[in-house]
Amino acid sequence: MKLVFKARRVITPEGERPACVGVEDGRIVAVDDRLTGDRVIELTDDSVLLPGLVDTHVHVNDPGRSEWEGFETATRAAAAGGVTTLVDMPLNSLPPTVDVASLDVKRKTAEGRVHIDVGFWGGAIPGNRADLRGLHDAGVFGFKCFLLHSGVDEFPPLSAPELEEDLRELQSYGAMMIVHAEDSDSIEHAPAPHGAKYDDFLHSRPRGAENMAIARVIELARWTGARVHILHLSSSDALPMIASARRDGVALTVETCPHYLSFTAEEILDGATQFKCCPPIREAENRELLWRGLADGVIDYVVSDHSPCTAELKRFDSGDFGEAWGGIASLQLGLPAVWTQARHRGFTLSDVVRWMAERPATQVGLARKGRIEVGYDADFCVFAPDESFQVDATKLQHRNKVSAYHGRTLDGVVRSTWLRGAEVTGERPAGRLLSRGE
């Protein structure tokens, strides 16, 4: 072998075991008890070899809003957090990725600037149904839509009839729709968000808005036979109907995010707009039910929904939740954030790898990502699960040094990240741009 990783603890699809992992030409060619190689990297006993994480929900915002984030900074932050593959969302960049021409702009912007592998979602908005097949054929991983205002005017929401027609279109060639599921009518009738009290903001995005939207998406998926995915689930109320739809054979998957599994509404201080996101962080009881949904398999996986902005847009000057941008930047911290909570609830690193590498890769069709298995890309995260650190937002790699995790102590340190058998140092971008099926 040209390169061999030797570790007492390796997370494989069959579970944790001691193993040697052989690498040739960027691929895993052997996983065995004993291997020899030209170069042998022997991990210390306090480190675990994980597959590189796969984060399918990242807002890079480049081009157009690159002062919020960018391909270089986002992928450097991802690598620092053990993420070796991300899929970029179609909105918050200018132009949004809603036709092949805008996808070409996005690819040209990213080319030669990514430190990890990057794929792209397409967008479904009113009036672009004729562009969806072209984007699909150009290799996007699926299509994102909103059911209410997205936060940016250039990416408007779909009405229920438009969503149904788009689902019929996507079903005809097997494409997937991923949905920001909050009901616009419910939110319009809720109290308007204003002021510094988090509780007031929470009441402006009620659980019922999520529940109604998810119910609608389920029925439309049932009628059309299309594949649908619910983004960033925060309302535990929706778990029973999700489980019921699955039993009925609806092609439905669901994700949640580290911040919903880590924080609680009760602990968010007035004016702490770094915690604002949509849908919102809810109560402690709700958090525990989301963890139960993961344990039961009703929630399929965990991704960041990394949605950064400039510090000014968080409105720390006023602390007004109604005016602040909604989004939590956590691309670098997802693994330790989830592990910190998971280990205290009796979960293992094998569970975390299933939620943060294996299942997201499988869901979007990344056939060579997310596993330490022969034939897969040699993408690894060397992780020290028993080492702790205190988050210092000024030392994070993403562009704007704002983090809801600032000052929080997390368990687990990423010691190194490897992409196709080469260590990612953040100095020379060596990532590739991916298309669906790679």
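This is a predicted model: local features need pLDDT of at least 70, side-chain atom pairs count only at pLDDT 80 or more; totals for chains, interfaces and linings use all residues.
Which strands each supply at least two residues of the lining of the second largest pocket? I looked, and strand S15 (380-390) and strand S16 (409-419) do. Strands here are DSSP E runs of at least two residues, helices are H or I runs of at least four, and both are numbered from the N terminus.

Residues are numbered from 1 along each chain as its sequence is written, and side-chain values use heavy atoms, leaving out hydrogens and water.

Back to that second pocket. A pocket is an open set of points on a 1 Å grid over the protein atoms alone, where a 1.4 Å probe fits, with protein on both sides within 12 Å along at least five of seven lines; lining residues have an atom within 4 Å of a point. I found 15 lining residues, with Ala80, Gln332, Leu333, Phe389 and Leu396 nearest the centre.

Next I checked the largest pocket, and its space comes to about 560 Å³, a volume being what probe spheres set on the points fill, with points joined across faces, edges and corners. His149, Ser150, Gly151, Arg205 and Cys278 are the closest to its centre, out of 32 lining residues. Helix H5 gives the largest share of that lining, 3 residues.

Last, I looked up Val40, which sits in strand S4 (residues 39-42). Skipping neighbours within four places in sequence, I see Val40 in contact (heavy atoms within 4.5 Å) with Val4 and Lys6. Its C-alpha is 41 Å from that of Gly122, 82 residues apart along the chain.
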